[in-house]
Amino acid sequence: MDFNPTDFDLDARPSSLGNLFGDGRNESVSFNYTREEDNRTSTPIHQQDESEKPAVLYGVAAYAFRNVGGQFQNVGRLGCAILGMRSKKSYYLTVYQSNKQSVAKVTISKDTPFTPQPNNYVNFYDDHRQNWSLRFDKAEEATKFLSTVAIARYSSGSVTSFITQDIINGYADVAIEKGDSVEILFRYSLPDEDQYGKELEGNFGEEKGFKFKVGKGKVIRGWDEGIVGMKKGGRRVIAISAAYAYGATGTNKIPANSDLLLEIEVKRHKHKGKEVKGTAPVVAEEKANPSEEEEKTSKKS
């Protein structure tokens, strides 16, 4: 089934998937799930009464690939929706056909891994431990998807220190360690329920980034520790608890006992005093339908 992304209202936050499909219906959300290896009758995997319909945080169409015996097979162009019920701190991804038949579901907790890969792919495991890869048409769609995953992970449960969600993987051979020097683009905001709040400060779009030495206490603890493991060219969202941010004192912009959402991108990296080199990967030309070769070479995390 071919999907047209223009069928989705990506900026709205409808209370049911009837709105997502644009059919105007107002029923409670229900999906059926059928495992590929059998033909048993579909069974509902998620159903809520009228008063507790999940909100759509982000919806988009993407090509879905299922890992079968180490090879990714093209399942087709499907709908992908990240939904949540704020009152229950319940968030999940569903990958579905146009008749709302779900082919994969991922319950999103603060520890649920989603891995960005080159050429707009994102890799993950569903609730049945089936490995999947999604290929988005545009880099902006993959970025929006993973940024929404980050806020869903944060919103799903209490964060006592910090959690990280990579948006773009870096391309250098050496990862950032304690004691390294870095130059960073950043922006941060306060969480607004299960959304990003207004940006409070940042330098994205500026020619020069913010420089500091990692692990020396020059930035808040969640940033200092959350940047470790990144590589040059990488982008990451770090959801930081108040205890790892500005604590009970706050700042003139940040109220006391506030969690923070921080997005950072590594411009430069010095390891043991030497500049870390690396060539940005060439982005493959966008294709309307991924080739069989892409299906075979799409790697799992």
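Mentor: Let's begin with contact, which means heavy atoms within 4.5 Å. In this chain, 62% of the contacts between residues at least 6 apart in sequence join residues at least 24 apart.

Trainee: What should I know about the model before reading it?

Mentor: This is a predicted model, in which local features need pLDDT of at least 70 and side-chain atom pairs count only at pLDDT 80 or more, while totals for chains, interfaces and linings use all residues. Residues are numbered from 1 along each chain as its sequence is written, and side-chain values use heavy atoms, with hydrogens and water left out.

Trainee: How many helices and strands does the secondary structure come to?

Mentor: Both are DSSP runs numbered from the N terminus: helices are H or I with at least four residues, strands are E with at least two. The chain has four helices and 16 strands.

Trainee: How much of the chain counts as buried?

Mentor: Buried means under 20% relative accessible area, exposed means over 50%, and partly exposed is in between (1.4 Å probe, protein chains only). Here 48% of the 301 residues count as buried.

Trainee: Which members of the largest nonpolar core touch the most other members?

Mentor: A nonpolar core is a set of buried Ala, Val, Leu, Ile, Met, Phe, Trp, Tyr and Cys residues joined through side-chain atoms within 4.5 Å. The largest one holds 35 residues, and Leu-93, Val-95, Phe-114 and Phe-145 touch the most other members. Helix α2 (residues 139-155) gives this core its largest share, eight residues. Another core, of 21 residues, lies apart from it, and Ile-184, Val-214, Ile-238 and Ile-264 are among its members.

Trainee: Which residues does Phe-114 touch?

Mentor: Leaving out residues up to four places away in sequence, Phe-114 touches Leu-93, Val-106, Ile-108, Val-122, Asn-123, Phe-124, Phe-145, Leu-146, Val-149 and Gln-165.

Trainee: And how do I check the span of helix α2?

Mentor: The expected span is 1.5 Å times one less than the number of residues. With 17 residues, α2 reaches 24 Å from its first C-alpha to its last, close to the 24 Å expected. Helix α2 is also mostly covered, since 13 of its 17 residues are buried.

Trainee: How many bridges join strand β5 to β6?

Mentor: Two strands pair if DSSP finds at least two bridges between them. Six bridges join β5 (residues 90-96) to β6, and the two run antiparallel. Tyr-91, for example, has Ile-108 in β6 as its bridge partner. Four residues separate the strands of this hairpin, where Lys-100 takes a positive phi near 70°. Strand β6 (residues 101-108) has seven of its eight residues buried.

Trainee: With which side chain does Thr-94 make a polar contact?

Mentor: A polar contact is a pair of N or O atoms within 3.5 Å; within protein, one must be able to donate a hydrogen and the other to accept it, and residues adjacent in sequence count only if both atoms are side-chain atoms. Thr-94, in strand β5, makes one through its side chain with the side chain of Ser-102, at 3.0 Å. Thr-94 is buried because its relative accessible area is 0%.

Trainee: What joins β8 to its partners?

Mentor: On one side, three bridges join β7 to β8, running antiparallel, with Val-122 in β8 as the bridge partner of Pro-116. Three residues lie between them in a hairpin, and Asn-119 in the turn has a positive phi of about 60°, although Asn-119 is not a glycine. Asn-119 counts as partly exposed because its relative accessible area is 26%. Five bridges join β8 to β9 (residues 131-135), also antiparallel, and Tyr-125 stands opposite Asn-131 in β9. In that hairpin, with five residues between the strands, Arg-129 takes a positive phi near 65°.
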